Amino acid sequence: MGLATVSFLDFNQVVFDIRIKAIKELKLMKELAENSCLRPIDRNGKLLCPVPDTSTLEEAEVKMGSSVGLCLGKPPTSSQLFLFFALETDIHPGAEMEVIVEETLSVRDCLKIMLQKSGQQGEMWHLRKMDWCYEAGEPLCEEDATLKELMIRSGDTLLLTEGKLPPSGHLKMPIWWYQPARLSGHREGWDRLNCAFSQGSIWRDAPTQGAPGPEPAEVSLLYLGDVEISEEATLVELKSQAMALPSASKLAVQSTALLRVWTVESKRPSRLLRTNWRQLKEYRLGRRAELCLELLQKEEDLGPRDVLLRTQLRIPGERAYSVATDLVWDTTRGWTAGSLRQRVADVYSLPVEKIEIAKYFPEKFEWLPISSWNQQVAKRKKKKNQDTLQGGPYYLKDGDTIGIKNLLFDDNDDFSTIRDDIGKENQKRLAQEKKKSREVQRAQSSDVFSNAGMPTRPRGPEASLSIHVASFR
């Protein structure tokens with residue numbers, strides 16, 4: 001691949017002029033003027049969507065010092081779309097194929113073109129749009145709709161997904177099994193499940209071994225399978241269908257009434273789904289939702305103002321906690337620190353003035369003390385209606401872990417554990433490694449521009465544009 005540095009006076013120049021200038025300076029075949037295009041190159045070296053000849057450099061979002069590729073093939077017209085596509089089973093950088101289609105093309109016809117170009121056969125295929133995190137997103141269910149109607153734009157990536165298109169109003173959701181350690185018997189049961197599922201199981205965040213005592217950061221999810229279900233179905237019907245999965249037969253759940261359902265976000269239980277007879281569409285789960293099931297010791301009936309918290313009593317003289325206990329907090333009278341402290345004191349049969357509580361933030365390995373004094377200070381700076389644990393800095397919600405200290409035996413201000421120390425050290429080390437990696441990348445990039453004779457900081461009125469071109473001779 002050759003390299004040329006092309007100067008341009010302003011960002012109002014059209015792409016066509018830059019392309020022709022590059023062909024002349026590189027002394028390429030004149031025929032390329034009718035069959036070539038310019039494509040921006042991202043920081044990873046990937047060729048992006050071709051830019052139309054009639055666009056200005058500003059409209060094409062070409063910046064000073066940018067690299068673009070001079071490639072064979074005409075750019076898409078104003079009525080065409082340049083799309084990337086790949087097999088959903090083979091998603092990785094560099095695996096994408098390219099196609100130019102009319103924006104009025106139907107999803108069905110676009111699928112046929114992509115199947116033909118990729119060499120795939122059969123009729124059991126459908127298209128999904130790749131989402132921002134490089135994963136399969138929503139399926140394109142309206143097969144007769146045009147790409148333009150579905151707001152597909154040039155540069156989008158579509159995924160060829162094997163299998164029948166899911167019916168409208170249906171959800172396909174991965175189901176995970178989640179069982180936090182509450183009692184020693186439950187930990188033994190979890191260990192038995194671990195053995196039972198040791199063949200072919202999929203784990204997320206398995207418990208860390210060797211840490212003293214049960215720790216708040218411990219979260220394990222065991223994959224049970226996928227459930228396909230209508231959005232019109234109720235939560236209890238979802239539970240029944242999940243328990244009908246082959247992997248769930250080993251769990252020996254006596255009743256769906258003994259199951260909690262959580263959404264899964266960032267590999268952790270996130271939002272608690274309550275009210276068994278509520279339809280799934282009312283929860284607004286979305287097609288990419290993942291759920292996990294939690295086994296209960298007895299049935300529960302949480303009200304709309306009840307908040308479910310995991311409470312752990314700190315062991316005096318040790319940087320560790322007892323096993324977690326579920327605590328239901330009625331917030332009818334408000335989400336205040338005083339109300340929560342009183343509820344915790346009542347459950348643990350302790351004087352409210354002899355306890356300290358703190359919320360745990362597992363992603364930061366930090367504890368934030370919750371006290372009426374803190375909120376009294378906050379009241380001076382904020383309006384009274386903001387005096388709530390729902391807002392910052394606590395953002396309290398279902399499933400949060402609350403650490404409890406009995407000041408009669410432990411008056412130390414520290415809530416942290418040994419695992420927190422290890423977690424923070426690991427985060428610090430990763431941050432330093434990322435910083436060093438970025439510095440190396442910047443240095444390498446600077447060397448490339450320097451070797452190419454490109455000024456990193458243009459000193460004159462002109463800007464520079466580097467164009468990479470393959471050998472056409």
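Are Trp-329 and Trp-335 buried or exposed? Both of them are buried, where buried means under 20% relative accessible area, exposed means over 50%, and partly exposed is what falls in between, with a 1.4 Å probe and protein chains only. Before going on, keep in mind that this is a predicted model, where local features need pLDDT of at least 70 and side-chain atom pairs count only at pLDDT 80 or more, while totals for chains, interfaces and linings use all residues. Residues are numbered from 1 along each chain as its sequence is written, and side-chain values use heavy atoms, with hydrogens and water left out.

Let's start with the whole chain. It has 7 helices and 20 strands; these are DSSP runs numbered from the N terminus, with helices being H or I of at least four residues and strands E of at least two. Of the 473 residues in the protein chain, 42% are buried. Take the contacts (heavy atoms within 4.5 Å) with a separation of 6 or more: residues 24 or more positions apart account for 69% of them. The chain exposes about 27,000 Å², and 50% of that comes from carbon and sulfur atoms; the areas are from the Shrake-Rupley method with a 1.4 Å probe, and for residues only the protein chains shown count as cover.

Now look at one of the sheets. Strands of a sheet pair through backbone hydrogen bonds, either parallel or antiparallel. This one is open, with 5 strands in the order 16-15-19-17-18 and mixed pairing; two strands pair if DSSP finds at least two bridges between them. At the edges sit strand 16 (325-330) and strand 18 (366-370), each pairing on one side only. On average, neighbouring strands here are turned by 40 degrees against each other, direction ignored. Zoom in on strand 15 (residues 306-313) and you'll find 6 bridges joining it to strand 16, with the two running antiparallel. Arg-310, for instance, has Asp-326 in strand 16 as its bridge partner.

Helix 5 (residues 337-348) lies across strand 15, strand 16, strand 17 (355-361), strand 18 and strand 19 (401-406), and runs at about 135 degrees to strand 16. For that angle, axes are lines fitted to C-alpha atoms, for helices over the stretch in contact, and angles run from 0 to 180 degrees between N-to-C directions.

Back to the aromatics. A pair of aromatic rings is described by the distance of the centres and the angle of the planes. Rings of Phe, Tyr and Trp (its six-membered ring) pair if their centres lie within 6.5 Å; planes under 30 degrees apart count as stacked, over 60 as edge-to-face and the rest as tilted. A search of the whole structure turns up 6 such pairs. Trp-329 and Trp-335 have ring centres 5.6 Å apart and planes at 70 degrees, so they are edge-to-face. Tyr-360 and Trp-367 have centres 4.5 Å apart and planes at 40 degrees, so that pair is tilted.

What about helix 4 (residues 235-243)? Its buried residues are Leu-235, Val-236, Leu-238, Lys-239, Ala-242 and Met-243. Because they cover an arc of only 155 degrees around the axis, they end up on the same side of helix 4; the arc is that of the directions from the helix axis to the C-beta atoms. These buried residues pack against strand 9 (170-178), strand 11, strand 12 (259-265), strand 13 (268-273) and strand 14 (291-295). Strand 11 (residues 221-230) holds Leu-222, which is buried with a relative accessible area of 1%.

Finally, the loops. Most residues other than glycine have a negative phi, and most peptide bonds are trans. Ser-266, not a glycine, has a positive phi of about 55 degrees; Ser-266 sits in the loop between strand 12 and strand 13 and counts as exposed at 70% relative accessibility. Arg-284 has a positive phi near 50 degrees, lies in the loop between strand 13 and strand 14, and is exposed at 74%. A cis peptide bond, with omega about 5 degrees, joins Gly-392 and Pro-393, and Pro-393 is in the loop between helix 6 (372-381) and strand 19.
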